[in-house]
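Hi,

Here is the structure I promised to pass on to you. Have a look at it first, and my notes follow below.

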2 protein chains.
Amino acid sequence: MFNLDPRLAGDTLLVGELPLCRVLLMNDAQYPWLILVPRLADVVELTDLSDTDYQRYCTESRAVAKAMLEVYPDAKLNIAALGNVVSQLHIHHVARFNNDAAWPGPIWGKHPAIPYDPEQANALVKQFQTQLSIKEGS
Amino acid sequence: MFNLDPRLAGDTLLVGELPLCRVLLMNDAQYPWLILVPRLADVVELTDLSDTDYQRYCTESRAVAKAMLEVYPDAKLNIAALGNVVSQLHIHHVARFNNDAAWPGPIWGKHPAIPYDPEQANALVKQFQTQLSIKEGS
């Protein structure tokens with residue numbers, strides 16, 4: 001059974017569900033940062049996905065990347081499956097800018113998160129729901 | 001026309017060619033680290049690839065990830081498209097270990113590279129050529 005890792009749950013806001021993946025917004029106002037988590041039990045590596053689920057993941061990652069570039073046309077995307085700290089398979093999709101807090105280095109482990117103010121978070125969640133054709137509350 | 005970025009060329013050793021991507025071994029003995037570079041001009045983001053080329057990339061990334069886990073069954077893979085410094089699209093595939101120099105942080109920008117001794121590099125290149133069914137000198 002799929003259970004979201006409690007650290008991922010605690011650090012993020014729910015955007016919604018794609019056919020394979022849960023879409024989360026990292027609650028860090030320093031970088032627009034979505035995380036895809038396949039809703040499967042016991043997956044750690046992308047290679048743990050079946051061929052079919054891997055294809056689904058690739059399709060959903062592409063949709064999320066395109067959505068981020070729609071919202072942030074000037075961003076450089078960073079897409080990464082790391083999992084050195086939280087082992088549950090989750091794939092980061094981050095919009096980077098040459099004036100962001102960690103540029104040009106990677107964001108992970110660099111600066112403590114700065115939570116969004118709730119209205120800002122809500123607006124961003126709605127924007128990504130629209131871009132990804134995710135129904136509210138899905 | 002495809003030209004490999006000179007920084008990527010200078011930091012890596014050639015493993016060989018897959019149908020879409022050039023496979024490079026980062027010349028850093030601290031981490032087993034392969035890089036896939038689609039042999040296309042002017043691609044920066046994964047979303048710049050056509051649907052067909054994106055599918056090819058996904059297939060090749062999976063093959064490389066599986067090859068790395070064959071060679072290093074105890075590794076945690078880090079797979080990442082960053083490109084904040086070198087903009088030419090290139091995707092890192094790194095085998096991580098909980099006793100490596102940067103664990104559990106990301107490797108990028110952490111420690112200066114420690115080049116392989118040539119025999120060790122050659123053996124690793126051959127091992128990945130075998131795993132990926134790449135002919136020598138391809």
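**What I found**

B:P104 sits in the loop of chain B that runs between β5 (91-96) and α3 (118-131); helices (H or I, at least four residues) and strands (E, at least two) are DSSP runs, numbered from the N terminus. The peptide bond that leads from B:W103 to B:P104 is cis, with omega near -5 degrees. In chain A, a cis peptide bond joins A:W103 and A:P104, with omega about -5 degrees, and A:P104 is in the loop between β5 (91-96) and α3 (118-131) of chain A.

Before going further, please note that this is a predicted model, in which local features need pLDDT of at least 70 and side-chain atom pairs count only at pLDDT 80 or more, while totals for chains, interfaces and linings use all residues. Residues are numbered from 1 along each chain as its sequence is written, chains are lettered from A and ligands numbered from 1 in the order in which they are written, and side-chain values use heavy atoms, with hydrogens and water left out.

**The two copies**

**Cores and a buried serine**

The largest nonpolar core has 69 residues, and A:L46, A:Y57, B:L46 and B:Y57 touch the most other members. Such a core is a set of buried Ala, Val, Leu, Ile, Met, Phe, Trp, Tyr and Cys residues joined through side-chain atoms within 4.5 Å; buried means under 20% relative accessible area, exposed over 50%, and partly exposed in between (1.4 Å probe, protein chains only). Helix α2 (residues 51-71) of chain A gives the most to this core, with nine residues. Another core lies apart from it, with 32 residues, among them A:W33, B:F2, B:L24 and B:V86.

B:S61 belongs to helix α2 (residues 51-71) of chain B and counts as buried, at 4% relative accessibility. Leaving aside neighbours within four places in sequence, B:S61 is in contact (heavy atoms within 4.5 Å) with A:Y54, B:L36, B:I79 and B:H93.

**Two positive phi values**

A:D42, in the loop between β3 and α2 of chain A, has phi near 60 degrees, a positive value in a residue other than glycine. A:D42 counts as exposed, at 77% relative accessibility. A:S133, in the segment after α3 of chain A, is not a glycine either, yet has a positive phi of about 50 degrees. At 67% relative accessibility, A:S133 counts as exposed.

Happy to talk any of this through.

Best wishes
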